[in-house]
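This report goes through a set of annotated positions, a ligand shell and the domain layout. The sequence and structure come first.

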Amino acid sequence: MKIAIVGTGYVGLVTGTCLSDLGNHVVCIDKDRAKISMLEAGRIPIYEPGLAGLVAKNVREGRLAFSVDLPRSIDGADLIFIAVGTPQGKSGGADLSGVWAVGRQVAESLRAPATIVIKSTVPVGTNAELTRQMSAITPVPFDVASNPEFLKEGAAIDDFFKPDRVVVGARRPEVAERLLELYRPILTHERPFLAMAPESAEMTKYVANCLLASKISFINEMANLCTGYGAHIDDVRRGIGYDCRIGFQFLAPGAGYGGSCFPKDVRALIHMAKMVGIPCQMIEAVDSVNEYQKEVLPRMILNHFGGSIRGMRIAVWGLAFKPETDDIRESPALVLIEELLQAGAFVRVTDPQAMGHVREIFGSRLVYCESPYSALESADALAIVTDWDMYRAPNFQLMRDLMRRRIIFDGRNCLNEAAALQAGFQYQGIGRLTPGSSRPRTRANILEHVPPDPLTESFDSAWDISEPAVLAPAEWVPLHKES
Ligand SMILES: NC(=O)c1ccc[n+]([C@@H]2O[C@H](COP(=O)([O-])OP(=O)(O)OC[C@H]3O[C@@H](n4cnc5c(N)ncnc54)[C@H](O)[C@@H]3O)[C@@H](O)[C@H]2O)c1
Ligand SMILES: O=c1ccn([C@@H]2O[C@H](COP(=O)(O)OP(=O)(O)O[C@H]3O[C@H](CO)[C@@H](O)[C@H](O)[C@H]3O)[C@@H](O)[C@H]2O)c(=O)[nH]1
């Protein structure tokens, strides 16, 4: 098929590139001239694993091109995807100005019937409103369909080729069938194509993101409770996760969720609920729990130092909102850094991909370190905010030598807590240890033996549970001091 993608950001560039790889002819369009020039020069404006090679291959093979010229690029296109940003607006709802602007431009340029596919995340009713607006401009017949995107940054290529499902909202079956044709190469029994009304497709995207965000806020709240009561969230997660109704996924506690999607989509749904006067108390709580959670790490640090960190050197590992991306939108690291600076600390930051973006915000207020270890030089504390793989098994000996004081605040529970304690560090994770307690958690505290399990190992590789662990009563020191 001949495809035009309007908006060449994370979603547009990944979708356009992958669709070209399936054999379609794709033009990715953007109003950002610098971005298009960069792509034309063979450079990729974002960090997304695997993307650069795939772009180069499809450009070389003549299936992928870039342009700022929307009217010329959509001429003769079978499908015109809209993948522009829909950021949070002043009201809390999604700002759809980009979608309307593209719709207007497409309508003004349309010369033959076409299908416009909204891939951006948009509130329910956008499909109908875009149809209305465009019909007022052009006499050329067209369809508008919804095709929400579920990719995750850092795993976007894999998510495209192996989606859990493809959701399409269309008014006419012919339109759904055209999109079925497009996606057929990546569909299987386990990866179905789900056609529905546009309103349901639009709603599906928000419901998915809000449920995922709810899981994170829920487990974060439980982790905080664990801290308060001396329970250990890793054990609690194992205790609940084997119930297959609950499972293990998206229940990793941390410094709060960030990114360009969850925060704004949760607020957009709250706004949508307000517009129709329907209470949305649970999702409101998801948002406020997350705002609180972003403060947990700075609070832990301040509490540990008795309320003052003025003049101290704090190292921050990880700035991106999650690993394998350079995206810092709504990253909890930004909240932490601002709090540390406000409290008078000197902040040394590092991240394998996201330092450039952070420098644009904080400029000379921070020290930017190329390696995690150089960030630790004479540091009074280390805070980890992004769970990049390279931070998971650090050289504790080297860290000891570099740091002035040995305390680690692990905002992603990504370190092996026992190893950190054994190396002589004080350690605080999210829901992992009661503040003030320095009791190492050793294997002897694990009450039951669990056979090796790839699922638990993948999220909980810190614990070696491959041998039977026998409870040694003498070593069993209740964490909860009163009991
Ligand atoms: N980033 C993700 O992981 C992800 C995943 C699923 C869905 N989404 C949704 O997809 C949409 C796009 O997100 P993104 O992260 O790719 O955004 P982005 O900000 O990375 O990219 C958007 C691009 O659209 C361009 N643009 C804006 N207005 C334009 C116009 N009038 N004409 C041409 N280009 C225009 C911008 O210059 C920018 O390059 C959003 O609605 C988002 O919620 C994002
Ligand atoms: O158990 C977890 C899982 C994630 N996170 C955090 O949640 C945020 C979002 O993570 P993730 O969902 O992996 O990244 P995104 O790229 O934002 O992807 C989400 O948002 C996209 C945009 O809508 C959707 O397409 C994806 O399906 C959805 O997962 C990050 O800050 C993570 O650190 C946690 O704290 N705990």
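## Lys35 and its contacts

Lys35 touches Thr8, Asp30 and Pro45, leaving aside residues up to four places away in sequence. The model is a predicted one. Lys35 sits in helix H2, which runs over residues 33-40. Is Lys35 buried or exposed? Lys35 is buried, because 20 other C-beta atoms lie within 10 Å and the cut-off for buried is 20 or more.

## Annotated binding site

In an unreviewed UniProt entry, the feature "binding site" is placed at Asp30, Lys35, Thr86, Thr121, Glu153, Lys264 and Arg329. These positions are spread over 300 residues of sequence and are also spread in space, with up to 24.0 Å between C-alpha atoms. Asp30, one of the annotated positions, is also among the residues that Lys35 touches.

Glu153 lies in the loop between strand E6 (142-146) and helix H7 (156-161). Which residues does Glu153 touch, not counting residues up to four places away in sequence? They are Tyr10, Glu48, Lys322, Thr325 and Asp327. Glu153 has 25 C-beta neighbours inside 10 Å and therefore counts as buried.

## Annotated active site

The annotation "active site", again from an unreviewed UniProt entry, covers Cys261. Cys261 is in the loop between helix H10 (233-241) and helix H11 (262-275). With 26 other C-beta atoms within 10 Å, Cys261 is buried.

## Shell around ligand 1

There are 26 residues around ligand 1, and those that come nearest are Gly7, Gly9, Val11, Ser120 and Thr121. Thr121 also belongs to the positions that UniProt lists under "binding site". Helix H1 (10-21) and helix H5 (97-109) each contribute at least two residues to the shell.

What is the make-up of the shell around ligand 1 in nonpolar, polar and charged residues? Ten of its residues are nonpolar, ten are polar and six are charged.

## Domains and their contact

How many residues of domain 1 are in contact with domain 2? On the domain 1 side there are 15 residues, in contact with 14 residues of domain 2. The side of domain 1 that touches domain 2 is made up of seven nonpolar, six polar and two charged residues.

Notes. Residues are numbered from 1 along each chain as its sequence is written. Chains are lettered from A and ligands numbered from 1 in the order in which they are written. This is a predicted model: local features need pLDDT of at least 70, side-chain atom pairs count only at pLDDT 80 or more; totals for chains, interfaces and linings use all residues. UniProt positions are given in the numbering used here, feature names are shortened, and annotations may be inferred rather than shown by experiment. Helices (H or I, at least four residues) and strands (E, at least two) are DSSP runs, numbered from the N terminus. A residue is buried if 20 or more other C-beta atoms lie within 10 Å of its own, exposed if 12 or fewer, and partly exposed in between; C-beta atoms are placed from the backbone. A residue is near a molecule or strand if its C-beta atom, placed from the backbone, lies within 6 Å of it. Ala, Val, Leu, Ile, Met, Phe, Trp, Tyr, Cys and Pro count as nonpolar, Asp, Glu, Lys and Arg as charged, and the others, Gly among them, as polar. Two residues are in contact if their C-beta atoms, placed from the backbone, lie within 7 Å.
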